[in-house]
Amino acid sequence: MTEAKTYSFFLGCVMPNRFPNVEKSIREVLPKIGIELDELEGASCCPAPGVIRSFDEPTWLALASRNLALAEKAGNDLITGCNGCYGTFKEALAELKEHPDRLKEVKSYFHGLGIPFKAEVDAKHIIEVIHEIGPEEIKKQVVRPLKGLKVAVHYGCHLLKPSNNRPWEKTQRHTFLDELVDITGAESIPYRDKFMCCGAGGGVRGSNVPVSVDIAKEKLDNMIEAGVDAIVNVCSFCHLQFEVSQAQLNKELGEQRYKIPVFYYTQLLGLAMGMDPETLGLHKHVVSTQSLLDRLLT
Amino acid sequence: MNDSISRETIENESIDPDFVERIVEAGADRIRTCIQCGTCSSVCPSGRRTAFRTRELMRKALLGLKEEVLSSPDLWLCATCLTCLERCPRQIKVTDAIVIMRNMAVKEGFMLPQHRKVSKKLLQTGHAVPLDEANQEMRKELEIPEIPPTVHAHEDALDDVKEIMKRTGFDKLIQEEEGGEKE
């Protein structure tokens, strides 16, 4: 293992305030694969690209810059586990670099607040950093291969797009997350419209729940048709969408059709690394993981 | 004519010739090259289940039908998945254009009540989704900081965030207008 690198851990809103079990798994797993996390004290909402950027772009850019400035001051690159926050920081940095007058504008809003900012910091996604370490290197840590586990991989949108401002080799039909799932011993199963949106973003979940949940339902039906045991995602908002929508759909239908456990990638990896399910927050899921864990760990 | 077909006429006063120019200036610079091929609509996950048609929105924007575009709740059905932007054969930043039009809509007072609520949460707490009691309890059980080390744990940091939102005018923008809000 190469020497550990330290990042400023940007939590965002949904992860610490709705799915702290996902946060817990990240805090447990990352240091074990050589990624040290520094607290980003005083960070705010990224702010959310679908809502706040849609309402007032200058406010979005100013607050995103403030969060980036906190990491820059700490001397680290920022790391996030949410695709929405990732999108915000990637797009904000691109805007500041392409248009120096926007950086001046942001600094005028910071005046007198003691927030130095040069926009030289970088923002990374947790899965990007894990991918940089590489599947082969990570695989060395796998002591409990998750044999027989069929997984629906969900990448999400802002992790991958706009492709001209993302680090991935390909612009579509990505495979990096599938490869990172494969090394855990689980099998990534193809399913219809795998790269489709979860339906949560853009302020749609916030303002039109029926449409939002119906998009999630389409994905969930495709996953059920493919016969998967679990969903693996890398975004706290997609995670929320799949967890909460399944409960909502079951309530509406009056039956238990939707019961696919939803794993954040670090929860899957942690399990394969031999970690205890409770350490990974797997006992705190909306859709119970228990029967799947019973099958996997006995 | 005595048939029952209602012909829709676009009146001159509905057309704002500067509308598309403002969208171009804000960054969706290739929108005029739209050929109405419909690729955007065909890949849209919201369009699959609603009457929202991205192509129609682009056409109306090009025609300058400002009031119709900005007042329509359809403008808020885009999940910003960026698939249309990736697939557009003219490389139009479709999603950016939608975000630009949403900014214009909010300035004109068109904001969905739930979105105003989210904005108020950001103004008050620095988070669009603030911590609640149940999750504070869960954090404690999980043995991670009971209050996350964000603005939730640092009042001075929250003051900075609030001050920035005052300076950008976000607080005023979100305030409900006298006599209720437009939708």
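How far apart do the C-alpha centres of domain 1 of chain B and domain 2 of chain B lie? The views below are taken from a predicted model, and the first of them answers this question.

**View 1. The two domains of chain B.** Chain B is divided into domain 1, which covers residues 12-107, and domain 2, which covers residues 113-174. Their C-alpha centres lie 31 Å apart.

**View 2. The open sheet of chain A.** Four strands of chain A, in the order E6-E5-E7-E8, form an open sheet in which the pairing is parallel. Strand E6 (187-188) and strand E8 of chain A are the edge strands, each pairing on one side only.

**View 3. Pairing of E7 and E8 in chain A, with helix H13 across them.** Strands E7(A) and E8(A) run parallel and are joined by three bridges, and A:Ile231 stands opposite A:Val262, a residue of E8(A). Helix H13(A) lies across both E7 and E8 of chain A, and runs at about 85° to E8(A).

**View 4. The buried face of helix H14 in chain A.** Within helix H14 of chain A, which spans residues 290-297, the residues A:Leu292, A:Leu293 and A:Leu296 are buried. Because the buried residues of H14(A) fall within an arc of 95° when seen down the helix axis, they line one face of the helix.

Notes:
Residues numbered from 1 in each chain as written. Chains lettered and ligands numbered in written order. Predicted model: local features only at pLDDT ≥ 70, side-chain atom pairs only at ≥ 80, totals over all residues. Heavy atoms only, no water. Buried < 20%, exposed > 50% of the residue type's maximum accessible area, 1.4 Å probe, protein only. Helix = DSSP H or I, 4+ residues; strand = E, 2+ residues; numbered from the N terminus. Arc of directions from axis to C-beta. Pairing = 2+ DSSP bridges. Contact = heavy atoms within 4.5 Å. Axes fitted to C-alpha atoms, helices over the stretch in contact; angles between N-to-C directions. Domains from an automatic or database assignment.
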